Amino acid sequence: MNPTYKPEQRKVPGHIYTPAGWMLGTFHVPKRGQFVEYLRNTTGFFPLTEVTLTGSTQKVPFFALQRSAVLLIVPHPSESLGQADGNGGPALVQRPVSCLLDAGVVHGTLELGRQMRTSDYLVSHTGFLVLRQVTLLLAGPQGTLDQRFPTLLVNSARVIGVSDTVA
């Protein structure tokens with residue numbers, strides 16, 4: 001294996017939420033790979049470029065972000081995340097779920113196979129959960145922030161718990 005080989009990459013901008021707050025940065029993902037797979041397979045640090053840190057207007061050209069510090073990622077709307085991996089083939093259903101985090105609660109839908117229970121999916125899942133039709137409620141010093149997103153990636157390692165939500 002050639003240690004200097006680097007596949008062609010594409011830029012994926014995203015808003016990233018960490019315990020230090022929100023930041024805007026650009027991920028560099030293999031051109032032929034899916035963003036969610038890139039997130040799942042990256043260990044240690046995410047190398048980011050064009051980063052604007054919380055409370056700053058100045059862009060940092062490079063920032064290494066500890067993977068375990070990432071709570072949420074709001075991918076650019078043009079980024080195709082494909083179908084979630086529910087092992088259900090074309091028979092996917094939208095399951096409403098709520099995820100409890102240190103910082104608040106995320107309500108959204110998780111794509112799963114028709115016969116798969118949410119609990120079974122979570123037991124074997126690592127990486128980021130792909131939630132759609134999301135309402136994000138974050139508690140902060142200035143009250144609760146209530147935002148809506150078409151898609152949100154939640155770091156499953158940072159989730160306290162998940163429940164099925166009554167639709």
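Modeller: Happy to! A residue is called buried when its relative accessible area is under 20%. Please keep in mind that the model is predicted. With that cut-off, let's look at β7, where eight of the 10 residues are buried, so the strand is mostly covered.

Let's turn to its partners. On one side, β7 pairs with β6 in the antiparallel sense, over 10 bridges. These strands make a hairpin, with two residues between them, and Ser-98 stands opposite His-107 of β7. β7 also runs antiparallel to β8, to which six bridges join it; here Val-105 is set opposite Leu-137 in β8.

Now for the core. The largest nonpolar core has 22 residues, and those touching the most other members are Leu-72, Val-106, Leu-131, Leu-152 and Val-154. At least two core residues come from each of β5 (72–75), β6 (92–101), β7 (104–113), β8 (128–140) and β9 (143–155). β8 gives the largest share, with five residues.

Leaving aside residues up to four places away in sequence, its contacts include Val-97 and Cys-99, along with Val-106, Thr-109 and Leu-110. Leu-131 also touches Pro-150, Thr-151, Leu-152 and Val-154.

Note on methods
Residues are numbered from 1 along each chain as its sequence is written. This is a predicted model: local features need pLDDT of at least 70, side-chain atom pairs count only at pLDDT 80 or more; totals for chains, interfaces and linings use all residues. Side-chain values use heavy atoms; hydrogens and water are left out. A nonpolar core is a set of buried Ala, Val, Leu, Ile, Met, Phe, Trp, Tyr and Cys residues joined through side-chain atoms within 4.5 Å. Buried means under 20% relative accessible area, exposed over 50%, partly exposed in between (1.4 Å probe, protein chains only). Helices (H or I, at least four residues) and strands (E, at least two) are DSSP runs, numbered from the N terminus. Contact means heavy atoms within 4.5 Å. Two strands pair if DSSP finds at least two bridges between them.
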